[in-house]
Amino acid sequence: MEGERYDFHSHTLLTDGSAMPIDMWHHAVLLGHRALAITDHLYGEDPRPMMTRLLADQEAFGSGGLTTLVGVEVSMLRPDRIAAAAKAARKAGAQIVIVHGETPVEPVPPGTNRAAIESNEVDLLAHPGLLSEPEAELARAHDVILELSSRRGHGLGNGIVAVRALAAGAQLVVDSDAHSAHDLIRQEFARKVALGAGVPVSQVERVITETPQKLLKRLGRA
Ligand SMILES: [Zn+2]
Ligand SMILES: [Zn+2]
């Protein structure tokens with residue numbers, strides 16, 4: 001029971017990925033994607049050069065049945081600088097803003113999850129790691145989507161993210177955090193990531209299809 005795949009988190013050669021945006025989008029089409037966002041890392045520098053390039057590549061790619069989004073993953077910043085960086089990215093043309101959450105495998109500044117959620121400038125908190133109950137509640141209240149990651153390392157937090165998001169009523173999606181075309185996943189694998197994280201069978205479709213569709217709509221791209 002394959003379906004169309006939605007992925008809101010990937011990287012290119014513009015930061016630490018290994019393919020150009022257009023390569024990523026062509027591979028996404030091959031793998032049955034309905035939407036793929038490129039969200040290259042932003043560390044607090046001027047987002048305009050990167051966004052200008054991403055927007056130009058998006059225009060060059062066209063559509064071809066795939067919804068492309070370009071944006072940023074605000075990464076490793078002091079929490080008190082996250083909101084301003086997200087805002088600057090949006091102003092530079094970012095169509096989606098995500099934040100590099102407190103993954104168990106990297107020294108992400110403590111307080112990043114909460115600052116991202118409370119900023120009201122962020123669409124999605126990537127790999128939140130050992131998400132706390134209050135953070136899950138805040139994510140629901142601020143309508144910030146939480147991510148289950150198919151990426152090695154980051155995915156180690158998926159279980160607790162799923163449990164706490166479901167208990168709080170916060171929304172979940174499954175993203176690849178692809179750094180190359182080979183990291184992109186098919187819908188069938190996304191289903192396994194959700195199930196493996198503990199999402200009940202009855203709620204898997206919501207995670208891998210309905211919430212992504214709602215997010216696209218909110219971003220004005222449905
Ligand atoms: Zn990240
Ligand atoms: Zn990433």
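These questions and answers cover a cavity and a helix pair in a predicted model.

Mentor: In this predicted model, local features need pLDDT of at least 70, side-chain atom pairs count only at pLDDT 80 or more, and totals for chains, interfaces and linings use all residues. Residues are numbered from 1 along each chain as its sequence is written, and side-chain values use heavy atoms, with hydrogens and water left out.

Trainee: What makes a space a cavity?

Mentor: On a 1 Å grid over the protein atoms alone, a cavity is a set of points where a 1.4 Å probe fits but cannot get out. The count comes to one cavity of 30 Å³ or more, and about 50 Å³ of space lies in the largest cavity.

Trainee: Which residues line the largest cavity?

Mentor: Leu166, Ala170, Gln171, Leu172, Gln203, Arg206, Val207 and Thr211; a lining residue has an atom within 4 Å of a point. Helix α8 (residues 201–218) gives the most, four residues.

Trainee: Which residues make the contact?

Mentor: From α7, Gln187, Ala190, Arg191, Ala194 and Leu195; from α8, Val201, Val204, Glu205, Val207, Ile208 and Thr209. Contact means heavy atoms within 4.5 Å.

Note on methods. Chains are lettered from A and ligands numbered from 1 in the order in which they are written. On a 1 Å grid over the protein atoms alone, a cavity is a set of points where a 1.4 Å probe fits but cannot get out, and a pocket is an open set with protein on both sides within 12 Å along at least five of seven lines; lining residues have an atom within 4 Å of a point. Grid points are joined across faces, edges and corners, and a volume is the space filled by probe spheres set on the points. Helices (H or I, at least four residues) and strands (E, at least two) are DSSP runs, numbered from the N terminus.
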